[in-house]
Protein chains: 2
Amino acid sequence: MSDNAVVPLRVALLGCGVVGSSVARLLTQNADDLAARIGRPIRIEGVAVRRLGRDRSDTLLPDEAFTTDAEELVTRADIVVEVIGGIEPARSLILRAMEHGASVVTANKALLAEDGPALYEAAARYGVDLYFEAAVAGAIPLLRPLRESLAGDDVSRIIGIVNGTTNYVLDKMDATGAGFAEAVAQAQALGYAEADPTADVEGFDAAAKAAILASLAFHTRVSSRDVYREGITEVSAADVVAAAEMDCVVKLLAICERVVDGQGTQGVSVRVHPAMVPRNHPLAGVREAFNAVFVEASAAGQLMFYGPGAGGDPTASAVLGDVVAVARHRVGGGLGPKESAYADLAVLPMGSAATRYYINLEVADLPGVLAQIASVFATHGVSIQQVRQEACPPHDLDETDRELPGSAAQLVVVTHTAADAALSATVDELSELDIVRGVTSVMRVEGD
Amino acid sequence: MSDNAVVPLRVALLGCGVVGSSVARLLTQNADDLAARIGRPIRIEGVAVRRLGRDRSDTLLPDEAFTTDAEELVTRADIVVEVIGGIEPARSLILRAMEHGASVVTANKALLAEDGPALYEAAARYGVDLYFEAAVAGAIPLLRPLRESLAGDDVSRIIGIVNGTTNYVLDKMDATGAGFAEAVAQAQALGYAEADPTADVEGFDAAAKAAILASLAFHTRVSSRDVYREGITEVSAADVVAAAEMDCVVKLLAICERVVDGQGTQGVSVRVHPAMVPRNHPLAGVREAFNAVFVEASAAGQLMFYGPGAGGDPTASAVLGDVVAVARHRVGGGLGPKESAYADLAVLPMGSAATRYYINLEVADLPGVLAQIASVFATHGVSIQQVRQEACPPHDLDETDRELPGSAAQLVVVTHTAADAALSATVDELSELDIVRGVTSVMRVEGD
């Protein structure tokens, strides 16, 4: 017993990038506190890296702590922290670590969203823990509240900003009037966006996080393949201006909802897309690379979580919280929550989602146009919340337009909530009308 | 094994008020989901009440579920949920329940803040769980994030609104210009304040919550007796107007900080008092009976938690999350985090706290007055951030004033951060000056 108290728990760290080096440094700096909180000291058994020889003095670790042999390292650890990211070799290393009896803490949203159930199954088979708070929303405690605090409640909806890069880009576009490419370049220069920003700006990162959130909230397996995904690459400076005219801002949202479709099927809708959000909504006030997530539950009501969604130290804070949790289990027995997928709800297609649309049309400025447009909405059972018609300023018309008979008008329509499929069909039919010269912009509206 | 899976876990409920009846109803309504999430069904063994015979059909329980013999009930439960509140008989019943092997879930902030260590010790002695998420900030997952998610980080500060009643009262005073008594009467009429509002308006409730938060955040025993406490009974309509003139609102804040006092002693400051908060600060936007808490940690940065801080169902949501946690331990082994008080920091007196002051003085309108006032601040090492002088409107002066030589002026001073003791001494000395006719209002300023 007294011997046990001084045998340190061995932590193997896989990956030593921005997050990994913060984890290594904090494990060293906070060693005494961590030992007191866990009831036993922690020792870094080793850090697996792709190449040796780089200056890693920021980790506060000696050179001999580093190895390129991750497969060997994971066999001699009590706790494996995986911050490599991506599918392979992360998955194989995690499974191998569990097979050798290690509990795993990972920040790997892509892997969890693609193959979470396999990881859960391995953890159950080998009687080890799987924790992953850092995979979603960085330092913000969000997964533990969903897995544990709300475990007696019934979550109906999650809506939030879970990708800091795209929020930074959209915030700059809103604040400075910059176009998408310009704002991305600025984000890259400041380290908020990667050299290849695809995973962020195309919404892959947010979609993986949405899948993880939906899985936990609805006790249902949701993979990233189930998530409807639209990135922000098509969001133009004009869209941002149009949003501002509506007293809205454009945000990339992750939305997970319980829904009932037209046939009465209970299911969940999980989606990531840009949307206009009213400027007085708390999500509209989320600036720069911060994250914020609303969770609505039947008994709890509406909860909000806000904080830094990325970065080395914030993400490391979440990793270390998980390390303490699994280490406490090593010392005191027990395991954290297992996979909970008993509800097994259907993931409904995007068409079933209940959304609102903002539609900006260029129409012929003729009598009867509004009636014709409105009847298209009515045909599809879509109710109009507001409509605004303005004459197009001449410089908005190109030469082709000028040759068409009659002058043009700008028509802005905002709908009430309807099935996304009905809204999409409405827009398709509108664009076929002779009186419609073009659909300038279509965007979902959320957050009322 | 298969037998075990169908033997229900027995839950005893102590108390059947607003929270208790929500807990009973939700345990019944969500029985299937809870069983799936726990891995074993839950059964309500009984509900202890003070008097039988009342209509409790909202609990969905049969009459025979109720008993007045709480002492007997707790001996035949796996999990005891205590929502009686107050010190006794809650404490004796909790200790008795633990002695008989039951894990305890409680929402009892007063008891935890007065005698938490005794409860933790009993839980450790009998190998049972002690969970109390519902004790602070109702449905908002706040204690689990502090106890677990941030267990690898170093919390430096917590600042928040943790009492819904006083926030409702102050919000009404701000929105309608009502005085304190009027706003309290309104809150009582709407069920936001109790018939005897003392615990809320005098800050006792918030102080107990602050003690619990500080204990968890700083790994140090902090009892409600250690908390500096000022309620809102002295906040006048004039104070609220003065705050508005500063573009601030008055909020009752709970603040827990790591501080270093003048002698270099590391310690914590834990306090509850009304303060002016800039209107653009997120805490200023917390309306009605909602709660919001900021947590600052060294690696995580600044996190915010927001949601319903009270009410039957929201509080029951937190209770049920804890019930699932301790039930999972019953099924799968292990125990939740124990008391962590190893840091054992000193709780420093209010004088050591770093605060800012807003001071409104009525002074003689004579040359040299400002210089004299400013030198008092300088003597105490308090730096002035801004000062504004206005002639008093004649109707502000009573007959006594009129007989003094010279006309009066209103002087508003806002200080930079200084030790509370220095600020307090400054105000004392100012009120002794001949040129000061009166100190109209003094309030701390927070949230920059």
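A residue counts as buried under 20% relative accessible area, as exposed over 50%, and as partly exposed in between (1.4 Å probe, protein chains only). At 23% relative accessibility, K109(A) is therefore partly exposed. The model is predicted: local features need pLDDT of at least 70, side-chain atom pairs count only at pLDDT 80 or more, and totals for chains, interfaces and linings use all residues. Residues are numbered from 1 along each chain as its sequence is written, and chains are lettered from A in the order in which they are written.

**Sheet of chain A**
- Six parallel strands form an open sheet in the order β3-β2-β1-β4-β5-β6 (strands are DSSP runs of E, at least two residues; helices are runs of H or I, at least four).
- Its edge strands, β3 (66-67) and β6 (130-131), each pair on one side only (pairing needs at least two DSSP bridges).
- Strands β4 (residues 79-82) and β5 (residues 103-106) pair over 4 bridges, with E82(A) opposite T106(A).

**K109(A)**
- K109(A) lies in helix α6 (residues 109-126).
- The UniProt annotation "binding site", from an unreviewed entry, covers K109(A); such annotations may be inferred rather than shown by experiment.
- Residues touched by K109(A) include D205(A) and K209(A) (contact means heavy atoms within 4.5 Å).

**Two copies**

Methods:
Side-chain values use heavy atoms; hydrogens and water are left out. Lists of a residue's contacts leave out its neighbours within four places in sequence.
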